[in-house]
Amino acid sequence: QVQLEESGGGLVQAGGSLRLSCAASGRTFSTSPRGWFRQAPGKEREFVAAINWSGSSTYYADSVKGRVTISRDNVKNTAYLQMNMLKPEDTAVYFCAAQSRYSGSDSMTRDYAYDYWGQGTQVTVSS
């Protein structure tokens, strides 16, 4: 059974940092894109960041660019999201996701291109 498990969420003050982790089990994703999405209360799920299999290409939403870094460790089958200078508007449930196989650069920011999803971890940023 394939599972993605997020960790690292929590409550932080504005300006603070958090590092989210997404550990995969049940299959390797070493050749698959990984991504992070988030959903705030009353809003649709939105793209945050994505990374290709080697880490050589990364993609970011404009709202987080310059504050967030996505990375991965294929040996550990884990993806990470380092978030700095957090803002109250970053408050959301953060989901990690993985594609079964790469399906083009246009797919990297599209949630429908991701086949596996974690349960989510809550990030709350207080003002």
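This is a predicted model: local features need pLDDT of at least 70, side-chain atom pairs count only at pLDDT 80 or more; totals for chains, interfaces and linings use all residues.
A residue is taken as buried when its relative accessible area is under 20%, and because Phe37 has a relative accessible area of 1%, Phe37 falls within that class.

Under the distance rule applied to ring centres, the structure contains five aromatic pairs. In one of them, Phe37 and Phe47 are arranged edge-to-face, with 5.7 Å from centre to centre and 70° between the planes; this pair links distant parts of the chain, since Phe37 belongs to strand S4 and Phe47 to strand S5, ten residues apart. Phe47 also counts as buried, at 13% relative accessibility. The rings of Phe37 and Tyr114 have centres 5.3 Å apart and planes at 75°, so this pair is likewise edge-to-face, and it connects strand S4 with the loop between S9 and S10, where Tyr114 is found 77 residues away from Phe37. Both Phe37 and Tyr114 are buried. Together with Phe47 and Trp117, these two residues make up one aromatic cluster. The charged end of Arg45 sits over the ring of Trp117, 3.9 Å from the ring centre, while the charged end of Arg19 sits over the ring of Tyr80 at 4.1 Å from its centre.

In soluble globular proteins, nonpolar side chains tend to be buried together. The largest nonpolar core of this model comprises 33 residues, and those with the most contacts inside it are Trp36, Leu81, Met83 and Tyr94. Two or more residues are given to this core by each of strands S3, S4, S5, S7, S8, S9 and S11.

Strand S8 has five of its six residues buried, and S8 is therefore largely enclosed by the rest of the structure. Strand S8 runs antiparallel to S3, to which it is joined by six bridges, and Leu18 stands opposite Met83 of S8. With S7, strand S8 pairs in the antiparallel sense, again over six bridges, and Thr69 has Gln82 of S8 as its bridge partner. Strands S7 and S8 form a hairpin with four residues between them, and the turn includes Asn77, whose phi is positive at about 60° although Asn77 is not a glycine. Asn77 counts as buried, because its relative accessibility is 11%. A positive phi, near 50°, is also found for Met85, a residue other than glycine, which is placed in the loop between S8 and S9; Met85, however, is partly exposed, with a relative accessible area of 46%.

One disulfide is present in the structure. It joins Cys22 to Cys96 with an S to S distance of 2.0 Å, and the link is right-handed, with 55° about the S-S bond. Cys22 lies in strand S3 and Cys96 in strand S9, so the pair ties together parts that are 74 residues apart in sequence. Both Cys22 and Cys96 are buried.

A further buried position is Ser107, with a relative accessible area of 7%, which lies in the loop between strand S9 and strand S10. Apart from residues up to four places away in sequence, Ser107 touches Gln99, Ala113 and Tyr114. Tyr114, a member of the aromatic cluster with Phe37, Phe47 and Trp117, is thus named both among the contacts of Ser107 and in the edge-to-face pair with Phe37.

Methods
Residues are numbered from 1 along each chain as its sequence is written. Side-chain values use heavy atoms; hydrogens and water are left out. Buried means under 20% relative accessible area, exposed over 50%, partly exposed in between (1.4 Å probe, protein chains only). Contact means heavy atoms within 4.5 Å. A nonpolar core is a set of buried Ala, Val, Leu, Ile, Met, Phe, Trp, Tyr and Cys residues joined through side-chain atoms within 4.5 Å. Two strands pair if DSSP finds at least two bridges between them. A disulfide is a pair of cysteine sulfur atoms within 2.5 Å. Rings of Phe, Tyr and Trp (its six-membered ring) pair if their centres lie within 6.5 Å; planes under 30 degrees apart count as stacked, over 60 as edge-to-face and the rest as tilted. A charge sits over a ring if NZ of Lys or CZ of Arg is within 6 Å of the ring centre and within 35 degrees of the ring normal.
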